[in-house]
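Trainee: I have a model open and want to go through it with you. Can we start with what holds its parts together?
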2 protein chains.
Amino acid sequence: MAKHNSGAIIQPFRQVTGTVRVPLHRQVYQRIKNAILDGALAPGVRLPSARVLASDARVSRNTTEIAFAQLEAEGLIERRVGAGSFVAAAMPEFVGKVNGARASRRPASGNHNSLSTRGRRITAAAKTDPTVTLAFAPCMPSLDAFPLQTWNRLTARRARLAGRALLGNGDPRGYPPLREAVAHYLNTARGVQCDAEQVVILSGTQQALNLTTRLLLDADEPAWIEEPGYLGARAALQNAGARIVPVPVDEHGLNVERQIKLAPSARLAYITPSHQYPLGVTMSLARRLALLAWAQRESAWIFEDDYDSEFRYDGRPLAAVQGLDSGGRVIYAGSFNKVMFPSLRIAYIVVPPQLVDAFIAARAVTDGAAPALAQIVMTDFIAEGYFSSHLRQMRALYRERRDLLLEAVVCELANSLSVEASEAGMHLAGHIGKAKDDVKISEQAAARNFHLPPLSRYYLVDRRARPGLILNYAGTSPENIRRMVRTLATLL
Amino acid sequence: MAKHNSGAIIQPFRQVTGTVRVPLHRQVYQRIKNAILDGALAPGVRLPSARVLASDARVSRNTTEIAFAQLEAEGLIERRVGAGSFVAAAMPEFVGKVNGARASRRPASGNHNSLSTRGRRITAAAKTDPTVTLAFAPCMPSLDAFPLQTWNRLTARRARLAGRALLGNGDPRGYPPLREAVAHYLNTARGVQCDAEQVVILSGTQQALNLTTRLLLDADEPAWIEEPGYLGARAALQNAGARIVPVPVDEHGLNVERQIKLAPSARLAYITPSHQYPLGVTMSLARRLALLAWAQRESAWIFEDDYDSEFRYDGRPLAAVQGLDSGGRVIYAGSFNKVMFPSLRIAYIVVPPQLVDAFIAARAVTDGAAPALAQIVMTDFIAEGYFSSHLRQMRALYRERRDLLLEAVVCELANSLSVEASEAGMHLAGHIGKAKDDVKISEQAAARNFHLPPLSRYYLVDRRARPGLILNYAGTSPENIRRMVRTLATLL
């Protein structure tokens, strides 16, 4: 067993200094390990002692001792008292390189970092639309106007006194008093008909979509989606392997009758009836009833995404489709995240009683409970009246901003942008001339720091049908609303 | 237009009193709505005035006014000043019943509440194993020993001073200082080699499994899983549509060589190398290197679930497989939930740099960020030394409990339960006689309030191969450990 010149092995160390990220002992360990695995240090070969190596490498004895200890723990070296340290005799040959050709179902690109087909699709979607990486967050509420001090005070109060019971997994459906509060709120304010037993607390609408599509749809089953429609719903349906059927939206919402004539079979329909995303129209009563009748006939499901129904400025609020349903066909979803703040991560669904167990089981497989402490604080926030007060203030604020936006559009964009009438919600859709490229204009606006997603992105079938932009006003200051309109005036 | 006798319509109301859940005005609204939708009140028919109806039904005028207002808002009635209230003239025919036969790909069971095939499988799994609904939580840490006061104090401190920035969506990878802390911890304590850039904070291991399988596996691609193996991993692979290949585990861990001879092709291998779940063996260095070599040759991925590696009682900790890998094949996953407490919902993965963007994109589609405040508090908990102190205390506590369990087993179960040697972790696997039914014994133990999952449940192929029970000792008091063993002695 030749005695290796430790200088030869450790030559690189002399240039090495410890960094915060990679401690010196780890670097020593790594060098020796690599040398062993690469075959530069053969099995059975004797290594310099830790003392000698430390001296040669100008590191402390402690450093080399730690490195040797780890190498020994992993069985890469053997340390024999009185004899020294040796590279382990028995080790499988480590093949570090990729061997020749291999049979593979993937395209022979030589790219051994390839994602699945599904993975490539997800990543591609993220690259084309940066909002995709923001969890499809279409509408940012006004964070400046949120009563942060109150929220912090309530949170600190609960945090200080948190009991040990909070440490364990709670009710899989969510904190029971919050479910009661949500049920009560939905019954009185939204015309939903449910018990607290039917309410499941989740972390966001996306989770609700994923759970629902997984539970109710098999691969290749048809599902209706509004055209244009919400990207988050499209993604969930794609991930469930559904056959997505885009159904055009007109001024009364999803065109149910037309679709029934074309192809009535589907397992599920996704709708945003209060305030269609992205066009903003409200689904008429006639269409709601027609859809419910269809669902009954076809034994189909309806996913009602009631995402910003708290903010209605004109007219009376329409009761939820769920409240009109006597056949248990509707899964109703809502969220506190857009009404309160995005990082809250509390949303809810109301499911027909016979589906409750299935939803709990599905949630166990996918994880993602809403935060325990936040659920309790949210319940306090509702019970102590802060929530209704917050809604009132936001309603007034968003109405002001909507009116300001409409005014500015009329003044500066009368001939280039035609805005959909909108009695509700946190954004408007504006249409531009048919010949224009809304993706390009959106990119130009983004370069000036205005996030105005292009409408064409929300169409599955006919992307150039009605080019336009989504104008998110709720979380935008009046100053920025004016700037946004002026910018658009120059771009259009 | 005949004037209906309001008495005939409202007969049922006289028996009705308001309830907290269903306000009286809602009941009135509902009765009239149903009458209209059922056709009992035909289009164009004149209704009693709100005043008259109130008087006849012995409810307040306000009650009927509210009900009429809602009916009018929904377009079900029209109120004409001076003329009265009328059922709306134009409405589609509402078909409330299921019409005859319909073409359906579902079994013609007449059950219009049917879940998808996938949905039925999920629900069935939940029914057979109640732990499935606890998010597959195999090991409960000792909640009594958790430093709750310290945690609450840190939480309240941060909650009081939470800034507005916390309200928005943070870095999709998680709170950067926490990612730094995790990277540092993993590099020094676990032999993982990574930058903070490669760390993604999630809410649990299940989420990590779902994201990984979705991104890296297409349907029908083979994936290796340890046999017996973790149910959460099995569920994630099933949900991804993978072709699950169970690979037997022996005293050195996953039998890589045997599987390579049988069928070397797979896209991913799931391993628990520190402390195999459920058997508890540690994967030998030779097997680790063989698996890494295989992954390089096959361009396959390795999901390393390092779930309770913080608790090692004998021998030196082995470096993570990820640390031995020079080919970027390993996705490393760990969790604070078992080390701290289950409702914390903070876990992490370390991904090869080229996969970071893909994981962020996939997370956007599935939602489920770890709670913002808890991430900050966890960072403080680590930075201020409480975490390492907590680990030390838990290590000592769990070692005591393990030793107590082993002692008790030797005393009372020497001939009926043979326990796998276990140098680490929070549970032991115990084997019983081949002829015995571990499911039955598990149920009998559950009837006495001891949760001892049957080993056979964790096998895919040969369920009767090695019947046994999982003995979770970490979160079990010494008293209950003794009771548990005594109970088993009577059952076996």
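Trainee: How many salt bridges are there between domain 2 of chain A and domain 3 of chain A?
Mentor: The count there is 2 salt bridges, a salt bridge being a side-chain nitrogen of Lys or Arg within 4 Å of a carboxyl oxygen of Asp or Glu. This is a predicted model, where local features need pLDDT of at least 70, side-chain atom pairs count only at pLDDT 80 or more, and totals for chains, interfaces and linings use all residues. Residues are numbered from 1 along each chain as its sequence is written, chains are lettered from A and ligands numbered from 1 in the order written, and side-chain values use heavy atoms, with hydrogens and water left out.
Trainee: Which side chain does A:Arg402 meet in a salt bridge?
Mentor: That of A:Asp314, at 2.9 Å from N to O.
Trainee: Where do the domains of chain A lie?
Mentor: Domain 1 covers 24–98, domain 2 covers 146–388 and domain 3 covers 391–491. Those bounds come from an automatic or database domain assignment.
Trainee: How many residues does the contact take from domain 2 of chain A and from domain 3 of chain A?
Mentor: Domain 2 of chain A gives 28 residues and domain 3 of chain A gives 27, with contact meaning heavy atoms within 4.5 Å.
Trainee: And what area is buried between domain 2 of chain A and domain 3 of chain A?
Mentor: About 2600 Å², with 58% from carbon and sulfur atoms. Buried area is the accessible area (1.4 Å probe) that two parts lose on being put together, summed over both. In domain 2 of chain A, the residues losing the most area to domain 3 of chain A are A:Leu279, A:Phe311 and A:Tyr313, together 27% of what that side buries.
Trainee: Changing topic, how many salt bridges are there over all chains?
Mentor: The count comes to 32. One of the salt bridges joins A:Arg61 and A:Glu65, with the closest N and O atoms 3.3 Å apart.
Trainee: Why are A:Arg61 and A:Glu65 separated by about one helical turn?
Mentor: Because they are 4 residues apart in helix H4 (residues 61–73) of chain A. Helices (H or I, at least four residues) are DSSP runs, numbered from the N terminus.
Trainee: What is the mean pLDDT of chain A?
Mentor: It is 83, and 86% of the residues of chain A reach 70 or more; pLDDT is the predictor's confidence in each residue, from 0 to 100. Over residues 1–20 of chain A, pLDDT stays under 50. Residues 130–136 of chain A are also below 50.

Conventions. Helices (H or I, at least four residues) and strands (E, at least two) are DSSP runs, numbered from the N terminus.
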